[in-house]
Amino acid sequence: MSYPQPLSPEEKLAEAKKLLSLPRIVVICGSTRFMAEMAEADLRETRAGRIVVKPGFDMKSPHELWSDPAGAEALKARLDDLHRAKIRLADEVLVVGDYIGDSTRAEIAYARSLGKPVRFTHPEVDIPSK
């Protein structure tokens, strides 16, 4: 007799999203130099009926919360972890901007390793999967 395999956490999340009738969730990735473009992408994706998650702020802009270099480094690590959680939550990734840096490259690779579809506002910067 064969027993059904238990659902993976990813399968459980997908099932919960279906049961809740949630719209598709899109996570916006890209260099924070494109924060204005991310806001525009958020507007367009939201208008299309999608739930949007994206970076909350730009650490390149001065702010008291990351003025201490040691604290800023720790915050950056926590934000990277948070953004990977957003990628796990999302149904797809939208990469914004015409430049792909190391962090965005890592986010794209992570999303693809999870089987998440990745779209680009500038398809010419797409990094082929290995």
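For residue classes I count Ala, Val, Leu, Ile, Met, Phe, Trp, Tyr, Cys and Pro as nonpolar, Asp, Glu, Lys and Arg as charged, and the others, Gly among them, as polar. The model is predicted, with local features needing pLDDT of at least 70 and side-chain atom pairs pLDDT 80 or more, while totals for chains, interfaces and linings use all residues. Residues are numbered from 1 along each chain as its sequence is written, and side-chain values use heavy atoms, without hydrogens and water.

Largest pocket. I looked up its lining by class and found 7 nonpolar, 8 polar and 8 charged residues. A pocket here is an open set of points on a 1 Å grid over the protein atoms alone where a 1.4 Å probe fits, with protein on both sides within 12 Å along at least five of seven lines; lining residues have an atom within 4 Å of a point. I noted a volume of about 530 Å³, taken as the space filled by probe spheres set on the points, which are joined across faces, edges and corners. Of the 23 lining residues, Gly30, Thr32, Lys76, Asp80 and Ser103 are the closest to the centre. The largest share, 6 residues, comes from α3; helices are DSSP runs (H or I, at least four residues), as are strands (E, at least two), numbered from the N terminus.

Second largest pocket. I recorded about 220 Å³ of space. Helix α1 (residues 9-19) gives the largest share of its lining, 5 residues. By class, I found 5 nonpolar, 1 polar and 5 charged residues in this lining.

Contacts. Leaving out residues up to four places away in sequence, I found that Ile108 touches Val95, Ile100, Val118, Phe120 and Ile127 (contact: heavy atoms within 4.5 Å).
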